[in-house]
Amino acid sequence: MLRPNPKTMIYLDHAATSWPKPPEVMRAMAGFLESAGGNPGRSGHRLSIAAGRIVYEAREAVAGLLHAPDPLRVIFTQNATHALNIALHGLLSPGDRVVTSGMEHNAVMRPLRALEKRGVAVVVVPTAPDGTLNPVDFARAVMLGTRLVALNHASNVVGTIAPAAEVAQIAHAAGALLLIDAAQTAGVMPLDMQAMGIDLLAFTGHKGLHGPPGSGGLVLGEGVDAAQIRPLLQGGTGSRSEYEEQPEFLPDKFESGTPNGVGIAGLGAGIQWVMARGMEAIRAHEVALTRRLVAGLSEIPGVRLYGLADPQRRTAVVSFTVEGWRVSTIGLRLDEEHGVLCRVGLHCAPAAHRTIGTFPEGTVRFAPGPLTTLNEIDAVVDAVKQVVQS
Ligand SMILES: Cc1ncc(COP(=O)(O)O)c(C=O)c1O
């Protein structure tokens with residue numbers, strides 16, 4: 001298979017998964033297999049201890065980046081979907097009420113629709129077509145006996161950032177917990193889960209944290225009693241092997257089975273890479289890219305952009321349609337004729353597309369990353385011009 005060359009293409013699909021991964025990430029993953037290949041937390045020999053150390057260092061890196069109260073409250077999972085499922089299925093029982101927004105990904109909506117069939121009341125608070133949420137509407141919906149508020153921190157369709165800290169106050173005033181889906185914000189913008197009052201935070205490793213697929217996690221805030229969350233899986237943890245019951249302590253309660261040590265090693269290196277570049281610097285660069293992209297695309301006749309105009313209130317995720325054009329045709333021609341790689345369609349978020357008015361066709365979505373340059377953005381705008389004016 002031909003090795004893809006980043007110099008001959010422009011990769012604008014970081015909201016799906018980041019690419020190319022930093023060389024440090026690949027080195028850390030190979031290093032895990034080469035020099036720390038034991039089963040972490042299981043055996044007492046040196047390779048197991050070395051593996052356990054790498055996993056714990058990654059836990060510390062996650063806790064540091066997201067300001068978690070304790071590395072042991074970081075539960076490693078396969079991805080954000082897995083983390084969200086632990087939180088939703090683990091916390092909600094028939095008769096409970098959960099409030100969410102009209103901008104959610106199916107990683108939230110599908111578990112919620114399944115829970116609804118089992119007697120959980122699911123309330124979806126509509127947002128404005130630009131993805132903004134009205135805190136008054138939200139407060140009204142949360143007031144009445146809500147157990148959990150589940151909220152997308154930033155839309156994977158239009159990038160609109162939700163006021164998580166404000167929603168945390170609303171949730172707590174109503175006695176509810178707040179679960180934040182940070183799939184699109186971890187590693188993309190500064191996040192302090194304690195200062196923001198986030199109770200449960202689901203993240204993925206393979207997007208803004210520049211780790212490999214198969215890595216992610218759920219972080220529990222200090223106020224969350226793990227005893228109230230049922231684990232999705234039970235099994236071996238390497239701890240308390242004398243008991244046939246699942247341990248209750250963290251993170252073991254939710255980490256049954258051999259962990260993805262290779263992936264976790266890569267995730268830890270990805271977080272180190274993000275921290276070395278600086279969270280504020282990454283965010284500032286992506287704001288500049290978004291500004292340039294929105295300005296350039298909005299000058300092309302027939303282009304309709306979705307989401308907020310202000311790049312400070314969104315992530316670098318820009319969706320658009322072009323009058324008279326199928327989004328799939330635009331995506332294909334950008335790839336084949338201009339080497340621009342993006343994602344078209346519904347982005348696993350039909351609810352968000354219904355909200356912005358693009359269901360069922362969807363949009364073309366551009367999602368640059370920290371290494372995308374302003375020159376590349378100009379080239380991409382030019383490519384869109386050439387495609388839709390041909
Ligand atoms: C907002 C949002 N939530 C959840 C997910 C699911 O992430 P993962 O595929 O890593 O489980 C995604 C990924 O596209 C997302 O954008």
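Biologist: What covers the buried residues of helix 10?

Modeller: The cover over the buried residues of helix 10 includes strand 10, strand 11 (340-341), strand 12 (343-345), strand 13 and helix 12. Please keep in mind throughout that this is a predicted model.

Biologist: Which residues of helix 10 are buried, then?

Modeller: Val327, Ile330, Gly331 and Leu334 are the buried residues in helix 10. They cover an arc of only 100 degrees around the axis, and therefore sit on the same side of helix 10.

Biologist: What span should helix 10 have?

Modeller: Helix 10 has twelve residues, 327-338, and at 1.5 Å a residue these should span 16 Å; the end C-alpha atoms are 16 Å apart, which agrees with that expectation. Helix 10 is then followed by glycine 339, whose phi is positive, near 65 degrees.

Biologist: Switching to helix 9, which of its residues are buried?

Modeller: In helix 9 the buried residues are Ile282, His285, Glu286, Leu289, Thr290, Leu293, Val294 and Leu297. Seen down the axis of helix 9, these buried residues fall within an arc of 165 degrees, so they line one face of the helix. On the other side of helix 9, the exposed residues are Glu280, Ala281 and Ala284.

Biologist: What do the buried residues of helix 9 pack against?

Modeller: Their packing partners are helix 8 (261-277), strand 9 (303-305), strand 10 (318-322), strand 13 (363-366) and helix 12 (374-388). Strand 10, strand 13 and helix 12 were also named in the cover of helix 10. As for the span, the 20 residues of helix 9, 279-298, should reach 28 Å at 1.5 Å a residue, and the end C-alpha atoms of helix 9 are 28 Å apart, which agrees.

Biologist: Zooming out, how many helices and strands does the protein chain have?

Modeller: The secondary structure of the protein chain comes to twelve helices and 13 strands. Its C-alpha atoms fill a box of roughly 70 × 55 × 35 Å, taken along the principal axes. A compact globule of 390 residues would have a radius of gyration near 21 Å, and the protein chain has 21 Å, which agrees.

Biologist: What percentage of the residues is buried?

Modeller: Buried residues make up 51% of the 390 residues in the protein chain. On the contact side, among contacts between residues at least 6 apart in sequence, 70% join residues at least 24 apart.

Biologist: Could you take leucine 151 as a local case: where is it, and which residues is it in contact with?

Modeller: Leucine 151 is in strand 5, residues 148-152. With 26 other C-beta atoms within 10 Å, leucine 151 is buried, because the cut-off for that class is 20 or more. Leaving aside its neighbours within four places in sequence, leucine 151 is in contact with Thr100, Ser101, Ala162, Ala164, Val167, Leu178, Ile180 and Asp181. Leucine 151 and alanine 176, 25 residues apart in sequence, are 13 Å apart in space, C-alpha to C-alpha.

Biologist: Last topic, the ligand: which residues come nearest?

Modeller: Of the 13 residues around the ligand, Asn79, Thr81, Asn156, Ala183 and Thr204 come nearest. By class, the shell has four nonpolar, eight polar and one charged residues.

Note on methods: Residues numbered from 1 in each chain as written. Predicted model: local features only at pLDDT ≥ 70, side-chain atom pairs only at ≥ 80, totals over all residues. Helix = DSSP H or I, 4+ residues; strand = E, 2+ residues; numbered from the N terminus. Expected span 1.5 Å × (residues − 1). Buried ≥ 20, exposed ≤ 12 C-beta atoms within 10 Å, placed from the backbone. Arc of directions from axis to C-beta. Contact = placed C-beta atoms within 7 Å. Near = placed C-beta within 6 Å. Nonpolar A, V, L, I, M, F, W, Y, C, P; charged D, E, K, R; others polar. Rg over C-alpha atoms; globule rule 2.2 N^0.38 Å.
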